[in-house]
Amino acid sequence: FRKAAKQHSKSVKLHKYALYGALKLGDKSMALEELEELISIRPKTKEYLRQAAQLYENVGDYGKAAQKTKQLLEIDPNDREGQDNYVRLKKRLLKQ
């Protein structure tokens, strides 16, 4: 799916399949690449932003996690989970 997704770079369905495969294999780096592609195709999809933020946090990149959460909040400022996550991530960044 990854090869097909690269050839058809604007296909949401193929990128979602490639994302699913990467997650099943435990390949967080590949999963993040697919999420970034999905975000570039559909930048206002909260699901992709939230999932990317969670994965960035899992790999220890709190700056990118906070950035994705901020993008989510720009779309929906009333997203309670996003608000809580953003505050938590900013606190974590301050401790570093």
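**Reading the helix pairs and the core**

Analyst: Happy to. Let's begin with one crossing: H4 passes H5 in a left-handed crossing. Do keep in mind that this is a predicted model.

User: Which residues of H4 and H5 make that contact?

Analyst: On the H4 side they are Lys46, Leu49, Arg50, Ala52, Ala53, Tyr56 and Glu57. H5 contributes Tyr62, Lys64, Ala65, Lys68, Thr69, Gln71, Leu72 and Ile75. Sorted by class, the contact of H4 with H5 holds eight nonpolar, two polar and five charged residues.

User: And how do I describe the geometry of such a pair?

Analyst: Two packed helices are described by the angle between their axes and by the distance between those axes. Here, the axes of H4 (residues 46–58) and H5 (residues 62–75) come within 7 Å and cross at roughly 160 degrees. Since angles over 145 degrees count as roughly antiparallel, H4 is roughly antiparallel to H5.

User: At roughly what angle do the axes of H2 and H3 cross?

Analyst: The axes of H2 (residues 12–25) and H3 (residues 28–41) cross at roughly 160 degrees and come within 8 Å. That angle makes H2 roughly antiparallel to H3. The crossing of H2 and H3 is left-handed.

User: Which residues of H2 meet which residues of H3?

Analyst: From H2, Val12, His15, Lys16, Ala18, Leu19, Ala22 and Leu23 meet Met30, Ala31, Glu34, Leu35, Glu37, Leu38 and Ile41 in H3. The contact of H2 with H3 divides into ten nonpolar, one polar and three charged residues.

User: How should I read a nonpolar core?

Analyst: In soluble globular proteins, nonpolar side chains tend to be buried together. In this model the largest nonpolar core has 19 residues, and Leu35 and Tyr48 have the most contacts inside it. At least two residues of this core come from each of H2, H3, H4 and H5.

User: What is Leu35 in contact with, leaving aside neighbours within four places in sequence?

Analyst: With those neighbours set aside, the contacts of Leu35 are Leu19, Tyr48, Gln51, Ala52 and Leu55.

User: How far apart are the C-alpha atoms of Asp84 and Thr69?

Analyst: Compare chain separation with spatial separation. Asp84 and Thr69 are 15 residues apart along the chain, and 9.8 Å separates their C-alpha atoms. Thr69 is also one of the H5 residues in the contact with H4.

Definitions and conventions:
Residues numbered from 1 in each chain as written. Predicted model: local features only at pLDDT ≥ 70, side-chain atom pairs only at ≥ 80, totals over all residues. Heavy atoms only, no water. Axes fitted to C-alpha atoms, helices over the stretch in contact; angles between N-to-C directions. Helix = DSSP H or I, 4+ residues; strand = E, 2+ residues; numbered from the N terminus. Parallel < 35°, antiparallel > 145°, perpendicular 65-115°, else oblique. Left-handed = near helix turned anticlockwise from the far one by under 90°. Contact = heavy atoms within 4.5 Å. Nonpolar A, V, L, I, M, F, W, Y, C, P; charged D, E, K, R; others polar. Core = buried A, V, L, I, M, F, W, Y, C linked by side-chain atoms within 4.5 Å. Buried < 20%, exposed > 50% of the residue type's maximum accessible area, 1.4 Å probe, protein only.
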